Amino acid sequence: MDEEDLEEMRALRASSRYSQAQSHIHTFRPARNRPTDTVIRSSGESTTALPTSSTSFSAKRGTSEGKTELESMEAMMGFSGFGKKTAKHFNVEDMFEKAKRTAVELSSSRKKDPSEDDIEDHPAPFVIMPPVAMDRKTSERERKEDSDDDDDRENDDDDQESLEGGIPVSHEISLDHGNKTVSALALDPSGSRLVTGGYDFEVKFWDFNAMDASRRAFRTLQPFECHQIKSIEYSITGDVVLIAAGNAQAKVIDRDGFEVLECVKGDQYIVDMVNTKGHVAMLHNACWNPKTKDEFISCSDDGTVRIWNTENPKKNKTVIKTKNKQGKKTIPTRCCFSRDGRIIAAACQDGSIQAWDTRKPFIHPTYLQRTAHTFGSDTSSLTFSNEGSLLASRGGDDTLKIWDIRNFKRFLNVAMNLPNFYPQTSCLFSPDDKMVVTGTSVKKGQGCGSLVFMERDSLRKLYEFDVIESSVVSCLWHPKLNQIVVGCGNGTTKVYFDPEKSNKGAKLCVGKVKRKAVSKEMPLKDQIITPHSLPMFREKRFKNKKKVKEADRKDPVKSHRPDLPVTGPGHGGRVTSGMSLSAFVVKNLALEMKDDSHPREAILKHAKAAAEDPYWVSPAYAHTQPRTVFQEEEEEEEEDEEEAQRKKMRIL
């Protein structure tokens, strides 16, 4: 603001104070028992009039008493009388000129210019500014608003850049799980060990501390034989791992892959699922209680969510039934705990999300949303935010929605066009709760699956990049390592990190050189060298252990070679492969009693021996029929050729 503008503002304020002081008029309030008349002044103010001659009561009063009263009143109010006053008129131009002259004199007398704080100390009255001053003030206000808008835009851009800069995806390593989809991932709380599970029925353990550049798993196992792995999760202490697969029994194994417990299977012939001790159908998901280390939940195709305790795996602790709008059974495809462990949420195939408060009975859902996702679609992921009030759901209808558990009637935001072909596609919140992360699916040979980062409040896409020429199924973001692990549809597991922002984890094995295979040669036992001994007593001499092993391998006794398959007829109690014992016996009997002659001729061979020494039939008829009687042969009547021809014609 210029110096002249400040001087004008001070002058106008001084003139306004002067005009207010001159125009101020004191009012007089008469006694209550005195009748009054109101007179409107020209200045717009009302005052109380003096008593007139029309009033009989005041006319009888003496003039001396009236004068005394008026004088005392005038002395009390501080003015000389109640004479008639006219409204004053002011010349605004003269007042402005006078104020300008006064301001110039004051400014010349002062050495230092007054600060703006001195002006703001006294509240300024309302003054109509000249048009030039008003235009200046308006332009300054508009300029300030424009600068504020620019600052807001810059702040938004800075926030977006800061969020994008916090994503640790500058470097990556690949881990080869197999040839099929990696459907489940888990990192222990310390971030040293990674567990992957897939559609190939295998669970692999990876140790970042001991892994070199070869990046091989230190243990591989099949805990469920021929069932796909659905979910894997470490406990809050990191000492055991919970695994759910395509069967009805969840398992808990330790850090090294040895089984700790297996949940019991229920009776599938019982109609009411509350009366069974465990699940009776395929599992979809299982997860630990984030506050109680011995408790976990699981959901299954039998339409129940069951709470288990590791101390008693032979029977579930509580059974929660999921029901549709008609009160019938609906299948829960995903379940999870809230961060404080007080809420259990489940997403069902009828498109609903149901949640129960663990402090209340599990008869009816505490929170219920019937139209969360499309009816008949499998909700692939359900997770709570770190603060505990927000819930993210990844639907099979290619959407991702954010819900507020406190107001569950409508979703807060929704993201569309996120293809999802797998019932295990994950979604998660970032460690700082500012972003939501999920993967997209693609068909084979039709592009690359991507990892999408969105703002939590608006689900605005912040960052997206292609991962691999396959679908992105499972993913997790470890808060301690600040690294992102992604499981793909082709069996590859990728670990993303930033050397500056990430800690340990994949950084430990990146700089390690691949170990070389070293052949360990063991010293041989001492041998007595006898070059002139006979060949039958001469021992073979080998220079290294490798040749000894090769020779032992060729020896069927030392190598414990199994018996070779039997070909031809069996011998020594062994039968040919692919044949049962009864079939073998029948075959051998048939071979031993092989006879190509005519059956009648074969029987008649024994006729002479039977006649000379009867043993079976003849002794039985010796007394009743001493002479054997045989049926006489009947001669067939020869038909005439004409009759034969006639019969053929009839048939035709």
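Reader: What makes strand β28 count as mostly covered?

Author: Keep in mind that this is a predicted model. Buried means under 20% relative accessible area, and 7 of the 7 residues in β28 (residues 472-478) are buried. That is why β28 is described as mostly covered.

Reader: How do you know that β28 pairs with strand β29?

Author: Pairing takes at least two bridges between the strands. Here 6 bridges join β28 to β29 (residues 483-488), so the two strands do pair. They run antiparallel, and Val472 stands opposite Cys488 in β29.

Reader: What lies between β28 and β29 in the hairpin?

Author: There are 4 residues between them. Asn482 sits in that turn, and its phi is positive, about 55°.

Reader: Which other residues have a positive phi without being glycine?

Author: Among them are Phe201, with phi near 70°, and His560, with phi of about 55°. Phe201 lies in the loop between β5 (193-198) and β6 (203-207). His560 is in a loop too, between α8 (545-554) and α9 (581-592).

Reader: Why is Phe201 called partly exposed?

Author: Buried would need under 20% relative accessible area and exposed over 50%, with partly exposed in between. Phe201 comes in at 26%, so it falls into the partly exposed class.

Reader: And why is His560 called exposed?

Author: Exposed starts over 50%. His560 has a relative accessible area of 67%, so it counts as exposed.

Reader: How much of the whole chain counts as buried?

Author: Of its 652 residues, 35% do, by that under 20% cut-off. The chain exposes about 43,700 Å², and carbon and sulfur atoms supply 51% of that area.

Reader: How many helices and strands does the chain have?

Author: It has 12 helices and 30 strands. As for contacts between residues at least 6 apart in sequence, 47% of them join residues at least 24 apart. A contact here means heavy atoms within 4.5 Å.

Reader: Where does the "repeat: WD" label come from?

Author: From a UniProt annotation in an unreviewed entry, which covers residues 175-216, 276-318 and 381-413.

Reader: What does the model show for residues 381-413?

Author: That span is 0% helix and 45% strand, and its end C-alpha atoms lie 16 Å apart.

Note on methods: Residues numbered from 1 in each chain as written. Predicted model: local features only at pLDDT ≥ 70, side-chain atom pairs only at ≥ 80, totals over all residues. Heavy atoms only, no water. Buried < 20%, exposed > 50% of the residue type's maximum accessible area, 1.4 Å probe, protein only. Areas by Shrake-Rupley, 256 points an atom, 1.4 Å probe, with all protein chains shown as cover. UniProt positions renumbered as here; feature names shortened; annotations may be inferred.
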